[in-house]
Each structure stands twice: as structure tokens, then as C-alpha cells.
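Thanks for coming, everyone. Please take a moment with it on the screen.

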Amino acid sequence: MILAFAIGCGNNPDKAYERAMRAYQQNDWIGASLYAQEFVDRFPDDPRVRQMYDVLVNCHMNLKEWALARSVCEEVVKRFPNENVRYGAELARGATFLGEGKFDEGLAAFSQIIDSTAGIVVRLRAIDYTASAYQMKASQPNAATETELANAISAYDRWLALASIPEAASAISDITQACAGILTRRAEVWHQAGDLLRCSLAYAEIADATQFPDLTRSEWSYYSAEYLKAHIQKGNPDAPISDADRQQLIAAYTKTVEQFPDTDFGIWARVELCKLYKPIDPQKAESYLAQAVERYQKYVEQFKDTTDPHEKDMQRFYKTKIADAYFAVEDLDRAEKAFLDLRKTFADDQNVVQYCNMKLKFIEDIRNRVSGSPVGATAELEAATPAGQ
């Protein structure tokens, strides 16, 4: 391949650059690494050589050639005295240690960047990597899991503190979205720790942060309720729910409905409320189900006569949600009717047809089982019904 490169590109840096970038954009990591290395060797003074080094590092990392990627990073540090370039290379060098499972070496490399004069974006990325390293360490055999996860939480807190300064807002194009991602990952640390109650509380706390978009907050609010349910039932959908726990869950899902009534998360929360009220107040349960279906149906009607492919996808999505809602609350007759209608409407879509056939088979099997014994029916319904989102 190198010979072909030499013949095809000769001493033309433009053609050499284009060939390397074309291979890289096609995810041809081996070819792109060979072409990038050839560019670096042939045209060391070309202003695009820094970009070729980046291509080279990324190719080696995609190929999990961690030592080779690290050697390129070290070459960049020696060759380019510019501070920003050096710290970027040091950041990638630290990441190679994580790829090899050498977490302490990676943490040491990131610590030097965090405490340096590097730009705020590089320091934030180093803190981000640090949090990930601690979470990876926590997953290792014989790890001090609690300590490592506490370190991860501290790292995420440090990221949020640094991101709150004015410089961060000007350096990062969408600082709000970046913070949302970090907050989500911070909450999920408690999930990794197996503390679903703390995870639920973490999501509830960030759902109240009004600086974030409603759709993001509605998702957090819904997940807070979901993790609370998982905590109460210990992952078993057939586990009985006490009156006190039922009221807790009702309050959690109701909060999502009241604060974010017309988001998909808010609509599906009504389905969960239907399930919770069904044993104690069937009329209220039916009311919540009707509200959910009414809102989904509104979107179905909105896109009913469309020829736009995207809007057609939306119509399919919301018709599927109606069928899934009936299925989730064990209303098998209406679920069957909805899936039959969905299959008929989108008969030319094999994915929809297969999905409907699967659900209709579940309905048939559940009816057969329930007619003999109801034990395990809820678990089967839970397993067959996707999350509301």
C-alpha cells in the first residue's frame, strides 16, 4: 500500500493529504495510518502535518494499538513546542493508558494537565477522562469500588465547577448540553454502584435545574421515577408494592406528568400511573391511560395524510406508542386491535410487520398462560414492552 501511495502521489502533498483523509473518512484505519505516516515522513514542513499526526494517533487508537499511538503523541510533544498542541498530545497519551488498563498511569497524566495552564477545553476533557478512569477502575476485580466511584463523583463535581466560569461558556459551543451530559453520567455512577435510590434522587435533583431544556429535564424526571421503581421492586416487576411505596411512585410519575405534560416522557408517565392505580382505583387508571392515548393520537392525526418521509416516521412512532401503551397496562384486547391496525397501516415496512407479529404472539401466549395461571404475567409484559422513550 505504501508503494502504491508513493507511485500515485509522488511529491504532491495535496494528493497525499487527500488520499490520507479519504481513507480516514471511510474508517480505513490501516490505510489511513499508512498514508498519514507517509505524509509526515515526506512533507514534514507542510502546515497540514499536525492534522496528519492527529489522524495517525486516532487510527492507532481505533486499532487499539495503544503503544504506537502513545509513541506518536510523544513525537508530537517533542516536535511542536506550542503549549496547546503539547497538552492535546499529552491528553491523548493519557487515554492510551486507559486503553491498556493502566489506570494509574492515565490518571497521573490527566492530573498534570488539570493542574497546568492548558486551555479550559483540554482541562475539562482531562477531568472527564479522570472520571471515566475511576469508573473503569471500580469495575475491575478486587477493586475498592466504593472509593473509586466516590472519586468519580468528585471528578464530575470538579468538571461542573470549572465549567461554571465565564471562560467555559465562550470556549464550548453548547456548554448547557455539555453540562447535561456530565450530570447524567454523574447520576449513573450511583447506578453503577448499585445504589438505585441515590441514582433516583440524583436524577430528581437535576430534573429541577431550570437552565436545561424541558425535554432533557423530562427525561431525567422520568428516569428518577424508573430508578425508584427498580429500587422498590429490586428489579423484579412481579414484586408486590406496599401502599407506602405505591404512593411514592405515584408522586414521582405525577411530578413528571405535571411538569412536562406533553413530552413523550410525560405522556408515558401516564401509562405508568395507569399501572399503579389499576389495583386501587381502576377509574383513575383508565383516565391516565386515556390521556396518554389521546395525546399520542393527536400526533397520529397530525401526520395522517403526510407524504413527507420524516413525518411518516413520526406517525408510525406514535401509532406504535399507542399499541405499546395498551400492551404495557395489560389491556390485551385493545393492544391486539392496535397492533393489527399498525401492521395494516405500515404493511410495506417489514420492521413494523415483524414487531407487530412479535407482540401479537406475546399477546396470544400471555392469554394462554393467564387462562391457566397469572403468575409471571407482569414480568413477561415488562420484558416485552420497551421503555416509554
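One definition before we start: buried means under 20% relative accessible area, exposed means over 50%, and partly exposed is in between, with a 1.4 Å probe and protein chains only. Take Lys337 as a case: at 65% relative accessibility, Lys337 counts as exposed.

Now, what are we looking at? This is a predicted model, in which local features need pLDDT of at least 70, side-chain atom pairs count only at pLDDT 80 or more, and totals for chains, interfaces and linings use all residues. Residues are numbered from 1 along each chain as its sequence is written, and side-chain values use heavy atoms, with hydrogens and water left out.

Start with the overall picture. The chain has 20 helices and 0 strands. Both are DSSP runs, numbered from the N terminus: helices are H or I with at least four residues, strands are E with at least two.

Next, the dimensions. Along the principal axes, the C-alpha atoms fill a box of roughly 75 × 50 × 40 Å. The radius of gyration is 27 Å, while a compact globule of 389 residues would have one near 21 Å. That radius is taken over C-alpha atoms, and the globule rule is 2.2 Å times the number of residues to the power 0.38.

How much of the chain is buried? Of the 389 residues, 44% count as buried. The accessible surface comes to about 19700 Å², and carbon and sulfur atoms hold 51% of that. Those areas come from the Shrake-Rupley method with a 1.4 Å probe; for residues, only the protein chains shown count as cover.

Contacts next. A contact means heavy atoms within 4.5 Å. Among contacts in the chain with a separation of 6 or more, 57% are between residues 24 or more positions apart.

Then charge. The chain carries 44 positive and 57 negative charges, and their mean positions are 1 Å apart. Lys and Arg count as positive, Asp and Glu as negative; His and the chain ends are not counted. Each charge is placed at NZ of Lys, CZ of Arg, CG of Asp or CD of Glu.

On to the cysteines. How many disulfides does the structure hold? There are 0. The cut-off is a pair of cysteine sulfur atoms within 2.5 Å. Cys179 is in no disulfide, and its nearest cysteine sulfur, that of Cys199, is 19 Å away. Cys179 is buried, with a relative accessible area of 13%. Cys199 is likewise in no disulfide, with the sulfur of Cys179 as the nearest, 19 Å away. Cys199 counts as buried too, at 0% relative accessibility.

Now two loops. Find Asn142, between helix 8 (120–138) and helix 9 (145–163). Its phi is near 65 degrees, a positive value in a residue other than glycine. Is Asn142 buried or exposed? Asn142 is exposed, with a relative accessible area of 83%.

Lys234 sits in the loop between helix 13 (214–233) and helix 14 (243–259). Phi of Lys234 is near 50 degrees, again positive in a residue other than glycine. Lys234 is exposed, at a relative accessible area of 71%.

Glu219 is in helix 13 and counts as partly exposed, at 28% relative accessibility. Glu219 and Tyr203 are 16 residues apart in sequence and 9.0 Å apart in space, C-alpha to C-alpha. Asp245 is in helix 14, partly exposed with a relative accessible area of 23%. Between Asp245 and Gln233 there are 12 residues in sequence and 9.5 Å in space, C-alpha to C-alpha.

Two more distances to finish. Gln302 belongs to helix 16 (residues 282–302) and is exposed, with a relative accessible area of 52%. Gln302 and Ile363 are 61 residues apart in sequence and 29 Å apart in space, C-alpha to C-alpha. Back to Lys337, which lies in helix 18 (residues 332–345). Where is Gly194 relative to Lys337? The two are 143 residues apart along the chain, and 40 Å separates their C-alpha atoms.
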